[in-house]
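Here is a briefing on one protein chain. Start with the view below, then take the points topic by topic.

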Amino acid sequence: MSSIKLTLVVAVALIDTDNRILLAQRPEGKQLAGLWEFPGGKVEPGERPEETLIRELREELGIDVKEPCLAPLTFASHAYETFHLLMPLYVCRRWEGFVQPLEGQGLKWVKPQELRAYPMPPADEPLIPFLVDLLA
């Protein structure tokens, strides 16, 4: 039995009225810098995944999301070298405020069929077909 650490990270596909999905580019100095990902973050002790997303979206993008507006879609399970990542992916079409890069990250609204053109962390890539199917 391995003693690899399981890390729970939660992500969201924010979808605008044109069915585009928001991607955030990991800023310099962070692990996997320069890669594009779905916004979200690590679930803190005592936090539910939905609470994590609400907190992270406020901190990273300056938007307010209500829990009923977060719908679970799928998840990724990926073995990195030093830990195993479990990442539920939610979909959100409603929020308050305007999306802005509060942590110096790049932001881009992308059509589902264009997602593969953006280099992503290995755990994010398997999520693309689910979003393409959802928005086809």
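This is a predicted model: local features need pLDDT of at least 70, side-chain atom pairs count only at pLDDT 80 or more; totals for chains, interfaces and linings use all residues.

E51 is partly exposed, with a relative accessible area of 33%; the classes are buried for under 20% relative accessible area, exposed for over 50%, and partly exposed in between, with a 1.4 Å probe and protein chains only. E51 sits in helix α1, residues 49–61.

Residues are numbered from 1 along each chain as its sequence is written, and side-chain values use heavy atoms, with hydrogens and water left out.

**Fold and overall shape**

- The chain holds two helices and seven strands. Both kinds of element are DSSP runs numbered from the N terminus: helices are H or I with at least four residues, strands are E with at least two.
- Read from the N terminus, the order is β-β-β-β-α-β-β-β-α.
- The radius of gyration is 14 Å, close to the 14 Å that the globule rule gives for 136 residues, so the chain is as compact as a globular protein of that length. The radius is taken over C-alpha atoms, and the rule is 2.2 Å times the number of residues to the power 0.38.
- Along the principal axes, the C-alpha atoms fill a box of roughly 45 × 35 × 30 Å.
- Of the contacts with a separation of 6 or more, 65% join residues 24 or more positions apart. Contact means heavy atoms within 4.5 Å.

**Surface and charge**

- Buried residues make up 44% of the 136 residues.
- The chain exposes about 7700 Å², and carbon and sulfur atoms supply 54% of that area. Accessible areas come from the Shrake-Rupley method with a 1.4 Å probe; for residues, only the protein chains shown count as cover.
- There are 14 positive and 20 negative side chains, and the centres of the two sets lie 2 Å apart. Lys and Arg count as positive, Asp and Glu as negative; His and the chain ends are not counted. Each charge is placed at NZ of Lys, CZ of Arg, CG of Asp or CD of Glu.

**Nonpolar cores**

- In soluble globular proteins, nonpolar side chains tend to be buried together.
- The largest nonpolar core has 24 residues, and I21, L23, F38, M87, L115 and L131 touch the most other members. A core here is a set of buried Ala, Val, Leu, Ile, Met, Phe, Trp, Tyr and Cys residues joined through side-chain atoms within 4.5 Å.
- The elements giving two or more residues to this core are β1 (5–14), β2 (21–25), β6 (83–92) and α2 (128–135). Strand β6 gives the most, with five residues.
- Apart from this core lies another, of 14 residues, including V12, I54, I63 and V65.
- Which residues does L115 touch, not counting those up to four places away in sequence? They are I21, L23, V110, M120, I128 and L131.

**A buried strand residue**

- T7 belongs to strand β1. At 7% relative accessibility, T7 counts as buried.
- Leaving aside neighbours within four places in sequence, T7 is in contact with K42, F83, H84, L85 and L86.

**Loop residues with positive phi**

- N19 is in the loop between β1 and β2. Its phi is near 60 degrees, a positive value in a residue other than glycine. N19 is partly exposed, at 28% relative accessible area.
- L32 is in the loop between β2 and β3 (36–37). Phi of L32 is near 60 degrees, again positive in a residue other than glycine. L32 is partly exposed, at 35%.

**Other loop residues and C-alpha distances**

- K30 lies in the loop between β2 and β3 and is partly exposed, at 41% relative accessibility. K30 and R93 are 63 residues apart along the chain, with C-alpha atoms separated by 28 Å.
- T82 is in the loop between β5 (71–79) and β6 and is exposed, at 60%. T82 and G104 are 22 residues apart along the chain, and their C-alpha atoms are separated by 27 Å.
- Q113 is in the loop between β7 (106–110) and α2 and counts as exposed, at 61% relative accessibility. Q113 and D133 are 20 residues apart in sequence and 9.7 Å apart in space, C-alpha to C-alpha.
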